[in-house]
Amino acid sequence: MTAPSVLATTQQGSPELLRSVFRQHAAGVAVITAVDAAGRPVGFTATSLNSVSADPPLLSFSVGTGSSSWPALSGSEHLGVHILGEHQRDLAQLFARSGADRFGPETAWRAGPHGVPLLDGVLAWLVCRVVARVPAAEHRVVIAEAVAGDPLGEGRGQGRPLLYHQGRFNALRD
């Protein structure tokens, strides 16, 4: 039986309810990168990264179709997935900020396999081949297969992940 106090705070499904509930959910922080049709690097901060399957090695993330990165992602065959460390709050904020020069002089990166932009200093990275873009309201769920990567990143497995919780970037606490 459900306690009456719980029923008193129950809300109908809404965008506000979903956002409020997910503020309670800590998520890892990743940056997704790709190259647009003109060969320019693009990217954005994602907290929706999920493992889908180990065999084949599939992952997913969602992206808004109104995002400045969506036009490039909508046509890219390959993309980069970067797991950020707690020392990379500024990088996460840069890639989350609309209109920012994400690949300006302060961003250290290089071209990786399949020409995908790879960020320096991350905990781990993957280059993935896009296998599906599934419509979900004003978003797309991108499903991609890992084709290359480094599970240790430049820190060689040292460092702690950056988390997103309560609307801000946080460090992992023991």
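## Strand pairing

Two strands count as paired if DSSP finds at least two bridges between them. In this predicted model, strand 1 and strand 11 pair in the antiparallel sense over two bridges. Within strand 11, L163 is the residue that stands opposite G28.

Strands of a sheet pair through backbone hydrogen bonds, either parallel or antiparallel. Here, three strands make up an open sheet in the order 1-11-12, with antiparallel pairing. Strand 1 and strand 12 (168–171) each have a single partner strand and stand at the edges, so one side of each is left without a neighbour in the sheet.

## The largest pocket

The largest pocket holds about 960 Å³ of space. It is lined by 33 residues, and A46, T47, S48, S62 and Y164 are the closest to its centre. Two or more lining residues come from each of helix 2 (15–22), strand 1 (27–28), strand 3 (41–46), strand 5 (58–64), helix 4 (89–96) and strand 11 (162–165). Helix 2 contributes the most, with four residues.

By class, the lining comprises 18 nonpolar, 13 polar and two charged residues.

## The nonpolar cores

The largest nonpolar core contains 17 residues, and I32, F44, F61, V63, L73, L79 and V142 have the most contacts inside it. Among the elements that each supply at least two residues of this core are strand 2 (30–35), helix 3 (70–75) and strand 10 (139–150). Leaving aside residues up to four places away in sequence, I32 touches V42, G43, F44, A46, F61, L73, L79, G80 and V81.

A second, separate core has 16 residues, including V29, V31, L118 and W125.

Methods. Residues numbered from 1 in each chain as written. Predicted model: local features only at pLDDT ≥ 70, side-chain atom pairs only at ≥ 80, totals over all residues. Heavy atoms only, no water. 1 Å grid on protein atoms, 1.4 Å probe; cavity = no way out; pocket = protein on both sides within 12 Å on 5 of 7 lines; lining within 4 Å. Points joined across faces, edges and corners; volume = space filled by probe spheres on them. Nonpolar A, V, L, I, M, F, W, Y, C, P; charged D, E, K, R; others polar. Core = buried A, V, L, I, M, F, W, Y, C linked by side-chain atoms within 4.5 Å. Buried < 20%, exposed > 50% of the residue type's maximum accessible area, 1.4 Å probe, protein only. Contact = heavy atoms within 4.5 Å.
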